[in-house]
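Welcome, and thank you for taking a look at this structure. Let us walk through it together, one step at a time.

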Amino acid sequence: MKCKVAELETELRDLRRTNDTLKMHVAKALGLHLDSPIPGTGFETTVGRKGSNAAAVSRRTAPVAVRGVEIQVPKPTETPPTGVEFRVLGPVEAAVAGRRIDLGAPKQRAVLALLVSQVGQPVSVDVLLEELWDGSPPPSAITSLHAYVANLRRVLEPDRAPRKPARVLRTRGRAYLLDSRMVQVDVHRFGDRAMAGWQALDRGDSQRALREFDAGLALWRGQAYAEVADATHVAPEVVRLEELRLWAIEGRCATLIAMGAHEIAVSELAAFTQAHPLREYGCELFSLALYRAGRQADALAMLRAHQKRMAEELGIDPSPALRHLEREILHQAPSLG
């Protein structure tokens, strides 16, 4: 039980660090400015009126991370000359020159998923064997792995001449790698769209922000790397991508609030906070959307229910940001808009 509580507390701290970074973007977009620091908590923001879209949220300076894994949004990639695209925000798929290709049997698909998760980095034969056969590869495993790689090379580069070196799925010593210069991955496009959404929101371009967030979230078809999501070498990437997805959903909801679409934001945040009750920033956005939709009592009730859950399940007091927002809503502060 103690280990479980410690694990939950660690997760909560990581989520709060993530929430704090998200708030930095929204604080800027909604016209907030820094006030005096609160000891032990970082920086509390107060509202600098900027039209009707000012909001009371808090921010603290911290890297975006989850369970110690720092989130780095991938850089844009140019269109590869081979036209190979991988889609791993769901079951693994691949397309060559715009046409979807057959990736074969489950283990062959798993080989590709493992390689895409480490695109540009060599994945050793030993790691592939261990992951594909759960640590107990049979004597024939290495022969099967070579066959999977040969089949993948054939479908990824259908026009490659016999005995000509592979350009996409390369051999590197006793390892294989996907050449990052030759492929596109939907993970990168999603990261680009999510970052573009936050940047547009920072500039006050809500329409552009909404388009970017929607385009990025539309790339998701299920759990990332579905075939190998639990693999030791893939699980951290799955966690990172899920955190980025939630980050984009919160950004989209912040955009709806900035646009004045409070009822729509309320509807989406109701489902979001029910599915992710420990995400403090989602809770703050939900309270603000409720208040701006004319539902002050519901906004206060939601905040207090969240605080009670934290106290009963984790023994943690509400953050200064939530206490500040509760006071602002209780007193109908003009700064809330």
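A helix here is a DSSP run of H or I with at least four residues, and helices are numbered from the N terminus. Please keep in mind that the model is a predicted one. Is alanine 301 buried, partly exposed or exposed? Its relative accessible area is 44%, so alanine 301 counts as partly exposed. Between the C-alpha atoms of alanine 301 and glutamate 326 there are 9.7 Å, while the two residues are 25 residues apart along the chain.

Now step back to the whole chain. Its secondary structure comes to eleven helices and eleven strands. The chain has 337 residues, and 53% of them count as buried. Among contacts with a separation of 6 or more, 64% are between residues 24 or more positions apart.

Next comes the interior. In soluble globular proteins, nonpolar side chains tend to be buried together. The largest nonpolar core in this model has 89 residues, and those that touch the most other members are Phe86, Leu112, Leu145, Leu178, Tyr225 and Leu269. Helix 7 gives the largest share of this core, twelve residues. Tyrosine 225 deserves a visit of its own. Leaving aside residues up to four places away in sequence, tyrosine 225 touches Val88, Gly90, Ala113, Val116, Ser117, Val187, Val234, Glu237, Val238 and Leu241.

How many aromatic pairs does a search of the whole structure find? The search finds three. In one of them, the ring centres of phenylalanine 190 and tryptophan 220 are 5.6 Å apart and the planes stand at 85 degrees; planes over 60 degrees apart count as edge-to-face, so this pair is edge-to-face. Phenylalanine 190 belongs to helix 5 (residues 186-203), and tryptophan 220 to the loop between helix 6 (206-217) and helix 7 (235-259), so the pair ties together parts that are 30 residues apart in sequence. Both phenylalanine 190 and tryptophan 220 are buried.

Another pair is formed by tryptophan 198 and phenylalanine 213, whose ring centres are 5.7 Å apart with planes at 85 degrees, so this pair too is edge-to-face. This pair links distant parts of the chain, 15 residues apart, with tryptophan 198 in helix 5 and phenylalanine 213 in helix 6. Tryptophan 198 and phenylalanine 213 are both buried. Together with Trp247, Trp198 and Phe213 form one aromatic cluster. Returning to tryptophan 220, we find arginine 245 over the face of its ring, at 5.8 Å from the ring centre.

Helix 3 (residues 125-132) has six buried residues out of eight, so it is largely enclosed by the rest of the structure. Those buried residues are Val125, Val127, Leu128, Leu129, Glu131 and Leu132. What covers them includes helix 2 (106-117), strand 8 (123-124), helix 4 and strand 10 (175-178). Helix 11 is likewise largely enclosed by the rest of the structure, because eight of its eleven residues are buried. The buried ones are Pro320, Ala321, Leu322, His324, Leu325, Glu326, Glu328 and Ile329.

Our last stop is the backbone. Most residues other than glycine have a negative phi. Aspartate 134, which follows helix 3, has a positive phi, near 50 degrees. Just after helix 11, glutamine 332 takes a positive phi of about 50 degrees. With a relative accessible area of 47%, glutamine 332 is partly exposed. Arginine 163 also has a positive phi, near 65 degrees, and is found in the loop between helix 4 (141-156) and strand 9 (169-171). Is arginine 163 buried or exposed? Its relative accessibility is 82%, so arginine 163 counts as exposed.

Key
Residues numbered from 1 in each chain as written. Predicted model: local features only at pLDDT ≥ 70, side-chain atom pairs only at ≥ 80, totals over all residues. Heavy atoms only, no water. Phe/Tyr/Trp six-rings, centres within 6.5 Å; stacked < 30°, edge-to-face > 60°. Helix = DSSP H or I, 4+ residues; strand = E, 2+ residues; numbered from the N terminus. Buried < 20%, exposed > 50% of the residue type's maximum accessible area, 1.4 Å probe, protein only. Lys NZ or Arg CZ within 6 Å of the ring centre and 35° of its normal. Core = buried A, V, L, I, M, F, W, Y, C linked by side-chain atoms within 4.5 Å. Contact = heavy atoms within 4.5 Å.
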